[in-house]
Amino acid sequence: DDLHRLTSLASLNLDHNLLELLPPGVRFLTALTFLSCASNKLLEICAELGACVELHQLDISHNLLVTLPHTIGNCSQLRKVSIQGNPIQVVPPSLSLASSLTVLSLDADPA
C-alpha cells in the first residue's frame, strides 16, 4: 500500500475492484476531496477515513456495508455522500457534523 506517498492526491476512484476493505493508506490522503469506492465488496469503512478532512464527495454505494464509522463526522467538508445499495441499518449521528452536506443518497439495497 503505497498510498501514503500520495499526500497531494485530490481524487481517487476505486470502483469495481472487488475490494473488501479500503487500503489502510487512505488515512494519509489528507488533501483528498473525492473518493469513490462504489460497486466493490466493502464490508466496512475504516475509522481512518475520518482523517480525510478535505473530503467533499464520498461514493461508497453498492457494497456490503451495514454501518459507517463515527469518524465520518470528522469529514466536515462533505457535500455529497452516496451510500445507496448497502444494507445500512444506522447512519451515525456524527454525520450531522458535516454541515456542508447537501446530498445524502440512502436508497435501500433491493433484496
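1. Among contacts in the protein chain between residues at least 6 apart in sequence, what percentage join residues at least 24 apart? In this predicted model, the share of such contacts that bridge at least 24 positions is 20%.

2. As to secondary structure, the protein chain contains five strands and zero helices, and the order of elements read from the N terminus is accordingly β-β-β-β-β.

3. On overall dimensions, the C-alpha trace spans about 40 × 30 × 20 Å along its principal axes. The radius of gyration of the protein chain is 13 Å, which agrees with the value near 13 Å that a compact globule of 111 residues would have.

4. Turning to burial and surface, 41% of the 111 residues in the protein chain are buried, while the chain exposes about 5,900 Å², of which carbon and sulfur atoms supply 54%.

5. Two residues deserve a look for their backbone angles. Most residues other than glycine have a negative phi. Ser-39, however, has a phi near 55°, a positive value in a residue that is not glycine; Ser-39 sits in the loop between β2 (34–36) and β3 (57–59), and with a relative accessible area of 27% Ser-39 is partly exposed.

6. His-62 is likewise not a glycine and has a positive phi, of about 60°. The place of His-62 is the loop between β3 and β4 (80–82), and His-62 counts as partly exposed because its relative accessible area is 41%, which falls between the limits of 20% and 50%.

Technical notes
Residues numbered from 1 in each chain as written. Predicted model: local features only at pLDDT ≥ 70, side-chain atom pairs only at ≥ 80, totals over all residues. Heavy atoms only, no water. Helix = DSSP H or I, 4+ residues; strand = E, 2+ residues; numbered from the N terminus. Rg over C-alpha atoms; globule rule 2.2 N^0.38 Å. Buried < 20%, exposed > 50% of the residue type's maximum accessible area, 1.4 Å probe, protein only. Contact = heavy atoms within 4.5 Å. Areas by Shrake-Rupley, 256 points an atom, 1.4 Å probe, with all protein chains shown as cover.
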